[in-house]
Amino acid sequence: MKAIRRFTVRPVLPDPLRPLSDLARNLRWSWHAGTRDLFESVDPGRWAAAGCDPVRLLGSVPPARLAELAEDRSFLDRLDAVVADLDAYMTGDRWYQAQTGRLPEAIAYFSPEFGITAALPQYSGGLGILAGDHLKAASDLGVPLIGVGLLYRHGYFRQSLSRDGWQQEHYPVLDPHELPLVQLEEPGGSPAQVPLALPGGRLLHARIWVAQVGRVPLLLLDSDVEENDLGERQVTDRLYGGGSEHRLLQEMLLGIGGVRAVRTYCRLTGHPEPEVFHTNEGHAGFLGLERIAELRARGLDFDSALEAVRAGTVFTTHTPVPAGIDRFDRELVARHFGPGAELPHLEVDRILRLGMETYPGGEPNLFNMAVMGLRLAQRANGVSLLHGQVSREMFAGLWPGFDPEEVPITSVTNGVHAATWMAPEVFRLGARQIGPERAEEALSLGDSDRWDSVAGIPDQDIWDLRRNLRELLVMEVRERLRASWRQRGAHSAELGWIDRVLDPDVLTIGFARRVPSYKRLTLMLRDKDRLMDLLLHPERPVQIVVAGKAHPADDSGKRLIQELVRFADDPRVRHRIVFLPDYGMAMAQKLYPGCDIWLNNPLRPLEACGTSGMKAALNGCLNLSVLDGWWDEWYQPDFGWAIPTADGAGTDPDRRDDIESAALYDLLEQRITPRFYERGESGLPDRWIEMVRRTLSLLGPKVLAGRMVREYVERLYAPAARAHRAMDPDSARQLAHWKARVRSAWHGVTVDHVETSATPPTAELGSTLALRVRVGLGALGPDDVEVQAVAGRVDEEDRITDGTPVPLKPAGAPDQDGRWVYEGPLALDRTGPFGYTVRILPAHPLLASGAELGLVAVPAEDVTDGGGLLMR
């Protein structure tokens, strides 16, 4: 029989055990080994059955066991120590508090998904895991972040397989009362709520749940409340589910409702108001509109409010392809704003213009969330050096007249939270060298000197560790594979072969991620006979563990999974290759440490970062990857292998897969398996062990989320906070007026004549040329512009490839024609083909970049006296 109603019965803890509830509600337990060990000791069997979730554990422990623990002095002493440790962690000064200069009082960090722990399944893949690691690292560093997201009642789907290997989706209902959440309440005890106006005068209500992620509160908005009709209650039903209007409402609730939730939280708790708003991808971009509306209510006009909002906003893009960006029909967006809908005091046409693709090749009838995110943020970044370059090229149309390298999108390479992803066995080995406290500091800060201590670990210890982790993975795989086959309809009597699946002494390759086509799950199957030879080699076999989910609407991704599963079902190889369904955080934490090789073979350059390989590296797993994302930036032969790519513009996709799969097989056959299996004089694979050692000591400090968050603080958050403070109402009005004046007068800005002191075909390194430039500024003056010489190496078509701008100075008053003369020296500081040009940019103290307005004036081809090409 099915229950007609479901509710949660909370356990009543004896008074001495009450602190267990507080420990369970702070998600620091998900990365703090001492807290997890304490909960496990409550009841090891129930701890495992609860999926290592303290809230579920405490709800299942019998009262008799609780009474026994309440009298156990040893347990109570451990409880007191863990509580004291958490208190010191929450209240003590950390890295952020030790910095000089005025840093932001608070930063609001918005993301559509957060991967904190498997006990709070609100993530689908890398974007959410990255957001979760960002919050955890910020907590460890003491950065005053407030996270903002949505609470999805079904989360992302759970995955199983049919008998023939087709992906099946399941959507379990999540009860917030059974999750590590606390409802935010008004002083009288009623639930705190935020409203969102819908067309036709209706309201969407959302309550606010708080997940405490160490020191960082994560606010999650939930529309499944009694005040809403059925349709509105389902707005937060599933992550990335539903049609366009459903997704639009989710993103309006995340952005607009999220700002309102932050204001409510700060009002109720006394938390400082954020000075910086950071949107992780474009999904939360509407937050800028709500902040503009707040300033409009205080008397600012739209343009002035826009400048004030931009100053304190950071936008991070994660997609390397236009198809990965949310885009809505402009009429749909228009219907949800203005009179009778949301933000009624903002002009709908101004809202629409923020998201319109007003560049060559853009779709004029679509509203682009990433475009709006860039227009509403003064600072933007990609998530690896290569992705920053790809992003500058992809969005260059928003800054016409500028080369892609000058588009104001920087990059902060992602990192991963070591305490979450490093196996306890790996941590203990490092702590044995330098002590637990120094090891924890090295993991949170990325102190490379301390990572150098890996050099002192004996080869035998490293090899024993790697073998032990492989053995743990083998046991985990067998257990999960048996459960999967039972779901697929197999009987226990059919599954005896699973006891022989994988071997703890065989080279183990891992491949686990989402399954869009560009990640090429089945590239390894391109030549099945060759793959079989690798799997079944009599002396140097390999074994492969694969996991991944396809989006529920992506049948092509599901077909890739089915192809892989059918190959893995073949009795000839099923002991050497497995597909594990329902990939998530709990599986990943066992998978990364147990693999020797982490395989990644996307179509370059479509992987924005690819942090799974970072998590593997933290455990001494070597990367085998296409040079994409972070691997393109940090690859060295000392700690991994690069799969050659055939990414030329004219390469046929099938031909490209043939070439790159053959390169993959070659690497495995000729370089990787021999190195793993060859033994030195000590009887150990000493060359392999040295690569593991270098992976830990050289890559370890780089791939940390602590390093990433420190870069965000220093390069983006602190400058954004300074800009925010400088942008008082008068400054915002002045800047908005100045921008309007410059835009209207820019047609009158010209470079009329350029001459140099000498124009030889060649010149000597170290010499200096005197530049003299005559310009027209129209209705503008020298204070409104910067005249620059841009010099550097040139290619065969005389394009400057690594230009350095040199400001020129006005030589005096304007001449009788109203023209200005600018002068300055040009140093010839590089050999080889060299050239220069001159340009004029808008200039203002409150601009973050000279390219910010997308305006530039350059000379016509006939205005130079002599050539601009100086050296050949």
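**First stop: one turn of a helix**

Select helix H28, residues 705-726: Glu711 and Arg715 both sit in it, 4 residues apart, or about one turn of the helix. Keep in mind as you click around that this is a predicted model. Now show the two side chains. Glu711 and Arg715 form a salt bridge, with their closest N and O atoms 3.0 Å apart. Buried or exposed, or something in between, for Glu711? Glu711 comes out as partly exposed, at 23% relative accessibility. Arg715 also counts as partly exposed, at 38%.

**Next: a network**

Select Arg520, Arg526, Asp654, Arg656, Asp657, Asp658 and Glu660 together. Salt bridges that share partners link these residues into one network. If you run a search over the whole structure, the tally is 67 salt bridges.

Pick Asp582 and Arg158, which form a salt bridge with 2.6 Å between the closest N and O atoms. Where do the two partners lie? Asp582 is in the loop between strand E17 (577-580) and helix H23 (585-594), while Arg158 belongs to strand E3 (residues 158-161), so this pair ties together parts 424 residues apart in sequence. Asp582 counts as buried, at 16% relative accessibility, because the cut-off for buried is under 20%. Arg158 is partly exposed, with a relative accessible area of 45%.

**A second bridge between elements**

Move on to Arg694 and Asp638, whose side chains meet in a salt bridge at 3.5 Å, N to O. Arg694 lies in helix H27 (residues 686-699) and Asp638 in the loop between helix H25 (629-634) and strand E20 (640-643), so the bridge ties together parts that are 56 residues apart in sequence. Arg694 is partly exposed at 33% relative accessibility, and Asp638 is partly exposed too, at 30%.

In soluble globular proteins, nonpolar side chains tend to be buried together. Select Met524, Ile577, Ile597, Leu624, Trp641, Ile672 and Trp688: of the 105 residues in the largest nonpolar core, these touch the most other members. Which helix supplies the largest share of this core? Highlight helix H20 (residues 459-487), which contributes 9 residues, the largest share. Finally, select Val194, Leu352, Tyr836 and Ala857. They are among the 96 residues of another core, which lies apart from the largest one.

Definitions and conventions. Residues are numbered from 1 along each chain as its sequence is written. This is a predicted model: local features need pLDDT of at least 70, side-chain atom pairs count only at pLDDT 80 or more; totals for chains, interfaces and linings use all residues. Side-chain values use heavy atoms; hydrogens and water are left out. A nonpolar core is a set of buried Ala, Val, Leu, Ile, Met, Phe, Trp, Tyr and Cys residues joined through side-chain atoms within 4.5 Å. Buried means under 20% relative accessible area, exposed over 50%, partly exposed in between (1.4 Å probe, protein chains only). Helices (H or I, at least four residues) and strands (E, at least two) are DSSP runs, numbered from the N terminus. A salt bridge is a side-chain nitrogen of Lys or Arg within 4 Å of a carboxyl oxygen of Asp or Glu.
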